[in-house]
Amino acid sequence: MPKKSKTKNVKRRSSDDEQLQPKLSRVEQSDTPAPLCFQSPVSLFESLIQPMGTEQFFREYWEKKPLHLQRSDSSTASYYQSLFQLSDLQSLCSQGLSYYRDINVVRCINGKKKVLNKEGQVKSSVLNKYLVQNKATIQFHQPQRFKDELWRIQEKLESFFGALVGSNVYITPQESQGLPAHYDDVEVFILQLEGQKRWLLYNPTVRLAAEYSLESAERIGSPTHDIILKAGDLLYFPRGTIHQASTPAGVDHSTHLTLSTYQRMSWGDLLLDIFPSFLCDSSRTEVSLREGMPRRLLLGSSEGLDTSSRLATALRSLADELETGMLEVRSTHMKRDFIMNRLPPYSQQLLTPSERIPALEDMVCLRCKDHMVVTVEQSQERTDEATELVVFVLHSLKNQRESHMMGEVCDEEEEHDVSKGLKFPLSHLQALRQLQQAEQLAVAQLQLPTQEAKLSLVLALWSESLLELMLASLSTMMSHGFKSSKQDFTFGPWKVTAAKNHIMKSKDIERLAEEMSMPLPEMLFGDNILRIHHTDGYGIEFNAVDALKRVNNMEDAVKVACAQEWQESRADSEHSKEVVRPYDWTYTTDYRGTLIGEGVQIQVTETAERINMEKLKAREQIMFFDDVLLFEDELHDHGVSMISVKIRVMPTSFFLLLRFFLRVDGVLIRINDTRLYHEAGKNYMLREFSTRESKISELKNVPASLYTDPNEIAQHLTLKLTVCEKLELPVIEPQTAADEAPQ
């Protein structure tokens, strides 16, 4: 696979012979039936290496030894020839090809490569002279830029391997050799398109080489394989395999296609990519990694210091955290390089969104999943606060086929079309993974805190043509979007239960409203619950009814001021007088959970101890996660009031966030958060309650797009109140034999 060029693709015109065809946007392909199956990436590769099976190939040959597949059927030979042939050069030269960038003319003389390139544009008549008179090889770079069928093949192979796939065509006259013996840093598949070619393969001097290199005759020894490739044949050999090829006597010319992949795709390359994030995550919690190194170490004054031992200890600790799942594998640069440089989808119909904007009741699915990656990266925004992690969705739908494997974007006017990625807060990661894993999913089922957040996510994906809509009936929504569920998870002596059910029935809502002497929210999930229960009978739970019982418990001055300001801002609204009532129409609640237990309960005391948020930022394996909505009201279309609770359980702890979010359009935004944290082995939990609130007039410098996302807007709100509590677990004395004896 040649190194990517840094030169820009300048549009050119050809001044070649008059008999050349007029300029083409792409080379027309043959009607020859394809022996390849394009149904899926897997079926394409299976048909490419048939009759060899895929499982056998990867078990016995991949990265191990060469494979020669001989094909005697004329249909495969005809199809291979249709991919590229000598006569194609004439029409291609009319498209303004350049030496070096598009074409190399080379010949191997006495074991040395001689480059015969001229300057400027390529003429087919000159190339013909090189072939006939100079016996030179014509190397055509990345023909998939011009040949549709190669685009179709390589796009599928890139999805199969999850790696870039490049190609070159080599046309060599009889009794000639283009390149001296060398080895490459790529896995190579050779398709013989025309004529015949003799291949000599040698044992590697560097197995699975990571770079290209020439090898002298003295070092390579005798060939291990001497193969004549005929039209329709395929040859595979691993990176590092030393090889050289020539066209035999009596063969007018040979044309072969080299498909190459897996450049810089080793475990070592992955470590180079993920290690910085590993180290950064671990440094947040391990003070030993933040301790300063010895003075003058960089000046070489390391005498008497056991630096290697200290570094080895740190690396072993990182390895242990990785193996136990406490650190997450987070590839960034390799993902970006692949998705931003791969071929776009062969079907251009995928580049436009569907006609209708997605709605909450729709069933949706991701399309072009193989052309999309999700990365978790540090935010590049410069603030005075600690660096935050954000989620990027990158895709290749807008990539330029004409620049594939050629380096930078072709033309400046096309740069704006290349996707720079969609950016989301880290809270959207779970919802994106839902979409990646599901065949289809209801928008309402996405694990996001509000309807607006769900719609915002799918709208962003839809606008990039990454989302496909499937209209859903009411019955489908009931079975997919609002399906009742109950999940249990055991964490040591704790049992976590998350139950989700439908919105309460009208008669139950009316009864409850009478009991509470207040109208209830539009969407009340009275049977939804998240409970953390200890085997000794105590615990804490979170439910909608108890949350509503705490409405009206905040200071009246704050509530009334809000109501008056809201009413003034909505003086012309027909609903303004309806919603300003004696009860707190915003449903603001300071609910922090309900303690449970018969005869034994958790004791609550104030404390100065805080939850270690830096420790929670470490990328630890999440063994259980759920998000339960308790109620939501849209305040007569003038905002939103909602409360939900989510929990994540890690190998060493669990963390819960109960969040009440209020947005009164044009007036204020308020967030009441309750955080609950428990480390395994400790006899207490930490609970922190906070209130953040700002008027909209105080948020002039904050983008309005953030107002609908609680996770994004929270950091911009003014902190009004913080209460830290220690929830001490009861000590249950084991019963003695005397205690157990009958009285």
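The model is predicted: local features need pLDDT of at least 70, side-chain atom pairs count only at pLDDT 80 or more, and totals for chains, interfaces and linings use all residues. Residues are numbered from 1 along each chain as its sequence is written, and side-chain values use heavy atoms, with hydrogens and water left out.

First, the sheet. Strands here are DSSP E runs of at least two residues, and helices are H or I runs of at least four, numbered from the N terminus; two strands pair if DSSP finds at least two bridges between them. E16 is joined to E17 (residues 389–395) by 7 bridges, and Val373 has Leu394 of E17 as its bridge partner.

Next, the largest pocket, at about 1,900 Å³. A pocket is an open set of points on a 1 Å grid over the protein atoms alone, where a 1.4 Å probe fits, with protein on both sides within 12 Å along at least five of seven lines; lining residues have an atom within 4 Å of a point. The volume is the space filled by probe spheres set on the points, which are joined across faces, edges and corners. There are 50 lining residues, and those closest to the centre are Leu426, Met613, Arg648, Phe655 and Arg675.

Last, helix H10 (residues 307–323). Just after H10, Gly325 has a positive phi of about 85°.
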